[in-house]
Amino acid sequence: MRTLLPLLALFACSGPQAAPTAPPPAPRPLSSVEAAKIEPTGDVIHAVLTQAPEVPPPVNRDHAARVRVDLEVVEHTEPISDGVDYVFWTFGGDVPGSFIRIRQGDTVEFHLKNHPDNKMPHNIDLHAVTGPGGGAASSFTAPGHESQFSFKALNPGLFVYHCATAPVGMHVANGMYGLILVEPPEGLPEVDREFYVMQGDFYTVGKYREKGLQPFDMQKAIDEEPTYVLFNGSEGALVGDKALQAKTGETVRIYFGVGGPNVTSSFHVIGEIFDRVWPEAGSHVQENVQTTMVPAGGATMVEFTVEVPGTYILVDHSLFRAFNKGAIGMLKVEGPDLKPVYSGKEVDSVYLADKAVPASGQAVAAASGDAATPAQRAKAGEALFQGTCSTCHQADGKGLEGVFPPLAGSDFLMADKKRAIGIVVNGLSGKVTVNGKSYDSVMPPMSQLNDDEVANILTYVRGAWGNPGDPVTPEEVAAVRASTPRPPGAAH
Ligand SMILES: [Cu+2]
């Protein structure tokens, strides 16, 4: 037997059959009890804060430190949608609030400043804090004041912070929430791109996309009927040239949180599968997930590799929120095609409606009540037509023989303006004859469009593709809408 041993040893360490070396053991997680005993060392570090979708760089530190965070509350008016303004209350000037990134065991010295021009007192409740109110009571700050308190980050994870000043729901509804990432001592796995996205629900007195400055609607908030459900505080935050960017082959991590105040998110990226998800931003990884549920006041981390170039749409998969309340963002991936994985033919423009087109100045002018010229209306209407009507009537307005009547050169469309308005607002069914051909089908009412939008679309349609042109105004649409009452709740 003795002679065999050297032979076995030889086999074990040579040739392709050799067993792979075992990976280094995963570091043992640091418990909150152990973290509580850690003393910060070294110089005081000033935390790097970023505005969404940017994320501060990894902590990359082998010891716990004293970290100073300076966060200023700013109340100011910003666009919530194209031509719609809202008075946001913010942590750091933006919705969501500044991203804070620290290490488990760090002691955070928090300075909350309330800008002297502000009207309201505010405070902060960080879900990363162990202690009553998460810092709320110690951080109550009147306008023109600054509060300081400290806490030790005992648990690793991705945590929501928010204002907790009464009425709490209202402060949150106005945009007062953000994320704080507490890295485990060994840090997080390296990725190529990191993004910061937060969903929130908003309540305005006016309807969705009704122009002008829109005040907060307390009753809608109590009834949990949001006017807007948004990523990063506005409809335009993550679309067009503000879309998130990546290259094929890269690994993407999204730090995704829900500020609420009311609505949970069914977070999904159209055309991607999350390779890894940290559900509820806890410590355990779930793999190969399509849609992940994120509660109000909760967060998640998702990671995926982007293989195929194109535009990937971030949505709350409760889809009316995505297509009728604004919960849409984009990730644009550039790189060479990968035909074996995906063949091509993108249908983004139809699927995305007007959201694929960045907001145009003309659309704002047309809609904000200033006397818009027919040319401005037509321009704004073109984008809306492509998103709303072209699915059926086709991008060139020619329709589909026997199914969808043409709008290009349609005698029916031009014969009666009021009737045309009525068709868009209330829909159409039964037999119609267009250019001598008969159709017997159903067009659903386009109830999601407001008077302005209907006027813009019809001004475009009635002047495009060689149609003679005859502009439509919002007043004409309002008159038709008022003269054809619909059952309550059927349309706005
Ligand atoms: Cu507040």
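Buried means under 20% relative accessible area, exposed means over 50%, and partly exposed lies in between, with a 1.4 Å probe and protein chains only. By that rule Phe-267 is buried, with a relative accessible area of 0%.

Some ground rules next. This is a predicted model, where local features need pLDDT of at least 70 and side-chain atom pairs count only at pLDDT 80 or more, while totals for chains, interfaces and linings use all residues. Residues are numbered from 1 along each chain as its sequence is written, and side-chain values use heavy atoms, with hydrogens and water left out.

Now the copper site. Donors are N, O and S atoms within 2.8 Å of the metal, or 3.2 Å for Na, K and Ca; water is not among the atoms, so sites may look incomplete. The protein donors here are His-122 (ND1), Cys-163 (SG), His-171 (ND1) and Met-176 (SD). They lie 2.0 to 2.5 Å from the copper ion. Along the chain, their spacing reads H-x40-C-x7-H-x4-M.

What is the arrangement of the four donor atoms? It is irregular, because they subtend angles of 87 to 137° around the copper ion. For reference, four donors count as tetrahedral if all angles lie between 85 and 135 degrees; four count as square planar and six as octahedral if opposite donors are over 155 degrees apart and all others between 65 and 115; anything else is irregular.

Cys-163 counts as buried, at 0% relative accessibility. His-171 also counts as buried, at 2%. Cys-163 sits in the loop between E8 and H3. Helices (H or I, at least four residues) and strands (E, at least two) are DSSP runs, numbered from the N terminus. From Cys-163 to Gly-178 is 15 residues in sequence and 9.5 Å in space, C-alpha to C-alpha.

E8 takes us to a sheet. Two strands pair if DSSP finds at least two bridges between them. Four strands form an open, mixed sheet, ordered E4-E9-E8-E6. Its edges are E4 (100-103) and E6 (125-126), each pairing on one side only. E6 and E8 run antiparallel over two bridges. Asp-125 has His-162 in E8 as its bridge partner.

On to the cores. A nonpolar core is a set of buried Ala, Val, Leu, Ile, Met, Phe, Trp, Tyr and Cys residues joined through side-chain atoms within 4.5 Å. The largest has 30 residues. Ile-80, Phe-99, Leu-158, Leu-179, Phe-202 and Tyr-255 touch the most other members. Elements giving two or more residues include strand E8 (157-162), helix H3 (168-173) and strand E9 (177-183). A second, separate core has 27 residues, among them Phe-231 and Tyr-312.

Last, the aromatics. Rings of Phe, Tyr and Trp (its six-membered ring) pair if their centres lie within 6.5 Å; planes under 30 degrees apart count as stacked, over 60 as edge-to-face and the rest as tilted. There are 17 aromatic pairs in the structure. Phe-149 and Phe-151 are stacked, because their centres are 6.3 Å apart and their planes at 25°. Both residues are buried. Phe-231 and Phe-267 are edge-to-face, because their centres are 6.4 Å apart and their planes at 85°. That pair links distant parts of the chain, strands E12 and E15, 36 residues apart.
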